[in-house]
Amino acid sequence: ADGLLPDRRDLKLSLPGGYRPWTSWPPSDPRIAWASVVLQPYIKNYDIFLCPGIGTSSLGGTVQVQQALDPGPNSPRTNYWMWRFDRPNDPIPLDNLWGKMDEQAVSDLQAAKNPQAGFPEGVAEVEMVVDPYFPRTIPSVSADLKGKSVHFGGRNRLFLDWHVKYLRDHRTN
């Protein structure tokens with residue numbers, strides 16, 4: 001419906017590799033391939049869903065990062081994360097944005113009291129898309145990924161109002 005963020009939890013569960021094909025961190029599946037399927041009619045090139053920095057990063061082949069759109073060997077792939085679209089739960093968790101209007105997304109995130117999402121005052125503070133990162137402060141992050149990020153010392157973020165910003169993160173590199 002117009003004005004609503006997409007609700008494609010069905011795609012979240014059905015893409016190659018399935019939902020969350022790993023046992024360590026993260027505890028949900030923030031991969032973004034479902035969004036590339038939804039937005040396909042509006043884009044000219046799937047490369048928009050690939051961070052160029054991944055190519056020079058050790059995270060490029062990590063299962064928590066890469067996701068294919070179909071099982072074929074030449075399938076387009078994605079490598080960004082969308083934390084607010086990371087769980088297919090029903091009902092939709094307060095800190096997930098499936099099918100919500102912008103205003104509801106902000107108020108639900110405030111009500112969720114999720115320390116990772118913070119307390120956004122508006123759409124300019126709601127993170128939508130982020131480069132993959134593996135904080136060294138989370139015990140369940142495997143030793144080979146602990147502290148790694150695509151961009152040294154932080155990550156790029158796309159917010160709900162569509163602005164992009166690099167933010168430092170002391171938990172990485």
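Modeller: Strand E4, residues 154–159, is mostly covered, since five of its six residues are buried. Here buried means under 20% relative accessible area, with exposed over 50% and partly exposed in between, using a 1.4 Å probe and protein chains only. Helices (H or I, at least four residues) and strands (E, at least two) are DSSP runs, numbered from the N terminus. This is a predicted model, in which local features need pLDDT of at least 70 and side-chain atom pairs count only at pLDDT 80 or more, while totals for chains, interfaces and linings use all residues. Residues are numbered from 1 along each chain as its sequence is written, and side-chain values use heavy atoms, with hydrogens and water left out.

Colleague: Which strands are joined to E4 by bridges?

Modeller: Two strands pair if DSSP finds at least two bridges between them. Strand E3 (residues 127–130) runs antiparallel to E4 and is joined to it by three bridges, and valine 130 has arginine 157 of E4 as its bridge partner. On E4 there are also five bridges to strand E5 (residues 164–168), again antiparallel, with glycine 154 partnered by arginine 168 of E5.

Colleague: What lies between the strands in the hairpin of E4 and E5?

Modeller: Four residues lie between them, and in this hairpin tryptophan 162 takes a positive phi near 75°.

Colleague: How should I read a helix, and which residues of H3 are buried?

Modeller: An α-helix has 3.6 residues a turn, so residues three or four places apart point the same way. In H3 the buried residues are Ala105, Val106, Asp108 and Leu109. After H3 comes lysine 113, with a positive phi near 50°.

Colleague: How many residues does the largest nonpolar core have?

Modeller: A nonpolar core is a set of buried Ala, Val, Leu, Ile, Met, Phe, Trp, Tyr and Cys residues joined through side-chain atoms within 4.5 Å. The largest one has 36 residues, and those with the most contacts inside it include Trp34, Phe85 and Met128. Helix H2 (33–39), helix H3 (102–112) and E3 are the elements that give two or more residues to this core.
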